[in-house]
Amino acid sequence: MADHTEEPTSGGALLVPVGESVTLRNTVSYAMETAAEAGFETVHFVAPVAWHDISDVETEVREETEALLTRVSAWVDEDAPDDSPAAKTAIIGEDKYLFSPDDYADVLAVYARYHDIERIVVDPEFSPGGNVPLLRPMEVALAARGFEVTEAPMRRTVRRPRLTRAGGVLQFGLLFGVSFLFYQLLGGFAIVTGDGYDLLYELITGTLAAGIVAGALYTVTLSERVQVRILAVQLVRLVLFVPYLVYEIVKSNLVITYLVLHPNLPIDPRMTRVRSAVWGGPAVTTLANSITLTPGTLTVRTRGQYLYVHSLFEGARDGIAGGALERAVRFVFYGRQGATIPSPNERGDYEELQGPRAVTDDLEEGAE
């Protein structure tokens with residue numbers, strides 16, 4: 001029976017990341033056969049889990065993951081002869097926010113190095129990001145870290161995820177509505193302020209433009225099917241969020257005005273990096289744009305949940321490190337409970353990339 005011990009093993013080992021898939025059973029058999037042929041003593045079956053609450057893994061997620069590892073152990077017991085390698089199972093990534101292929105590669109690499117593992121076998125249908133195809137870039141990231149990565153050959157046809165999926169009426173309607181409103185915004189909402197001709201023209205051209213955009217992109221734009229109840233609740237929270245964002249914009253405008261009018265122009269521009277506690281395109285985009293709309297801060301780049309923010313003065317950096325906007329965006333997408341989290345500074349997710357503090361850190365690292 002596979003055990004869950006965490007002590008490093010010797011004599012060679014194989015690492016196999018596991019997740020729900022139609023080819024997992026074959027991957028387990030292939031991994032055990034490969035390890036036996038290579039003379040390895042141990043095969044580590046590990047299940048990376050996505051951490052979405054900035055606390056602990058949800059009970060339901062943990063129970064499902066443990067049930068999956070129990071099935072893997074049972075398959076090993078069914079197939080393995082007496083002289084086969086030992087099998088160990090473990091849940092990894094509980095203390096990380098797994099978002100990008102690099103994040104999954106990082107937690108696998110840490111586990112592999114701790115257990116002196118150099119070879120990794122992956123299930124060709126392993127999908128750590130759910131419907132998002134992360135397997136290929138994760139394999140590249142692991143290979144770049146010096147591991148030998150092998151994809152298990154399957155004895156059955158492998159299903160590759162499609163770029164597009166069946167879209168629904170709600171997806172089309174939502175994208176059509178957003179596109180139509182954006183078109184009217186670009187036109188200065190002449191549909192409201194113009195005469196009868198403007199109204200007819202804007203209606204026809206706006207409908208055509210929104211229809212083309214929605215028809216071409218509604219099957220690939222939204223990562224998940226629209227759920228009316230969740231969307232409605234998020235829209236209500238968004239209405240509550242807008243006045244707060246306006247307040248932050250006005251407050252920052254006053255500070256910027258003071259700095260510009262001050263004789264000494266006391267600005268202190270620096271680049272910072274913050275690992276945000278939001279995930280998914282809409283939430284990350286909302287946070288990044290909210291930071292940019294607030295005078296004194298500009299989101300220069302996003303990479304996964306990392307935001308690279310340029311700030312003009314110390315107060316702006318304090319706001320980013322304090323996570324006020326992050327909590328507000330989490331309230332919009334995840335509810336009141338989602339807003340009660342530590343700040344980026346408290347989590348150790350805030351870093352100044354330029355300025356005296358960054359220079360001091362670099363000198364201290366060099367001295368070590």
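Two strands pair if DSSP finds at least two bridges between them, and strands (E, at least two residues) and helices (H or I, at least four) are DSSP runs numbered from the N terminus. The model is predicted, so that local features need pLDDT of at least 70 and side-chain atom pairs count only at pLDDT 80 or more, while totals for chains, interfaces and linings use all residues. Residues are numbered from 1 along each chain as its sequence is written, and side-chain values use heavy atoms, with hydrogens and water left out.

**Exercise 1.** Work out which strands pair with β8, and what lies in the turn between β7 and β8.

*Solution.* Begin with strand β7 (residues 297-303), which runs antiparallel to β8 and is joined to β8 by six bridges; within this pair, Arg 301 stands opposite Tyr 308 of β8. Next, look at the turn: β7 and β8 form a hairpin with two residues between them, and Gly 304 in that turn has a positive phi of about 65 degrees. Then turn to strand β6 (residues 270-275), which is likewise antiparallel to β8 (residues 306-311) and joined to β8 by six bridges, with Thr 272 opposite Val 309.

**Exercise 2.** Find the order of the strands in the open sheet, and explain why one side of β7 and of β9 is left without a neighbour in the sheet.

*Solution.* Finally, helix α10 (residues 314-322) lies across β6, β7, β8 and β9, and runs at about 155 degrees to β9.

**Exercise 3.** Describe helix α5: what is its reach, and which of its residues are buried?

*Solution.* Helix α5 (residues 169-186) has 18 residues and reaches 26 Å from its first C-alpha to its last, close to the expected 26 Å, a span defined as 1.5 Å times one less than the number of residues. Buried (under 20% relative accessible area, with a 1.4 Å probe and protein chains only) are Gln 171, Leu 175, Ser 179, Phe 180 and Gln 184. After α5 comes Gly 188, whose phi is positive, near 70 degrees.

Definitions and conventions
Buried < 20%, exposed > 50% of the residue type's maximum accessible area, 1.4 Å probe, protein only. Contact = heavy atoms within 4.5 Å. Axes fitted to C-alpha atoms, helices over the stretch in contact; angles between N-to-C directions.
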